[in-house]
Amino acid sequence: MKGVSSYFSCGRGNLFIGTPGNGLFIRNTNGTVRRFFSSGDSGEDNIVHVTGDGKNIWLSTLNGLIIIDRNSGTVRKRFNITNGLPHNSIKQVFLSEEGNAYVATESEKLYYVSEELELESLNYVMSGNYINR
């Protein structure tokens, strides 16, 4: 594992570690580190931000948003420009208490993913001199 770009402590003693190009690793309670996810796609393996909830691990990558089953490690859903996002570069995901995930892309719009893993665009447009970069 070379470098750490983000990490998420899941509260069960495990630590999910995002890397800039080598995918996602997990460090378990006894200190063992192993690869948890790698797609082989250099953009998807470049993890900018990682977070999680009771069911999923959410990866913000240079090639979209990836939602992974927390227990099995299988990909549940991918979102990128081919299925609704305006940009592949995802900066961060915020998980609400209601089960929605708010997605910050490199654009002026805010998107969210519902608890059913459906992508929707909010009608909010960010204004000002700053854009998510």
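Accessible areas here come from the Shrake-Rupley method with a 1.4 Å probe. With that, I looked up the surface of the protein chain: about 7,300 Å², of which 44% belongs to carbon and sulfur atoms. I note at the outset that this is a predicted model.

**Overall layout**

I went through the secondary structure next. The protein chain has 12 strands and 0 helices. Read from the N terminus, the elements run β-β-β-β-β-β-β-β-β-β-β-β. I then checked the radius of gyration. It is 14 Å, close to the 14 Å that the globule rule gives for 133 residues, so the protein chain is as compact as a globular protein of that length. The box filled by the C-alpha atoms, taken along the principal axes, is roughly 45 × 30 × 25 Å.

I looked up burial too. Of the 133 residues in the protein chain, 43% are buried. For contacts, I took those between residues at least 6 apart in sequence; 32% of them join residues at least 24 apart.

Charges came next. I found 13 positive and 13 negative charges in the protein chain. Their mean positions lie 9 Å apart.

I turned to strand E7, residues 64-69. How many of its 6 residues are buried? The count is 5, so strand E7 is largely enclosed by the rest of the structure. The cut-off for buried is under 20% relative accessible area.

I followed E7 to its partners. Strand E6 (residues 56-61) runs antiparallel to E7, joined to it by 6 bridges. E6 and E7 form a hairpin, with 2 residues between them.

Strand E8 (residues 75-79) also pairs with E7. The sense is antiparallel, over 4 bridges. Here I noted Leu65, which stands opposite Phe79 in E8. The hairpin of E7 and E8 has 5 residues between the strands. In that hairpin, Gly73 takes a positive phi near 80 degrees.

**Leu117**

Which residue has a positive phi although it is not a glycine? I found Leu117, with a phi of about 65 degrees. I located Leu117 in the loop between strand E11 (109-113) and strand E12 (119-125). Is Leu117 buried or exposed? Its relative accessibility is 7%, so Leu117 counts as buried.

Key:
Residues are numbered from 1 along each chain as its sequence is written. This is a predicted model: local features need pLDDT of at least 70, side-chain atom pairs count only at pLDDT 80 or more; totals for chains, interfaces and linings use all residues. Side-chain values use heavy atoms; hydrogens and water are left out. Buried means under 20% relative accessible area, exposed over 50%, partly exposed in between (1.4 Å probe, protein chains only). The radius of gyration is taken over C-alpha atoms; the globule rule is 2.2 Å times the number of residues to the power 0.38. Contact means heavy atoms within 4.5 Å. Lys and Arg count as positive and Asp and Glu as negative; His and the chain ends are not counted. The place of a charge is taken as NZ of Lys, CZ of Arg, CG of Asp or CD of Glu. Two strands pair if DSSP finds at least two bridges between them.
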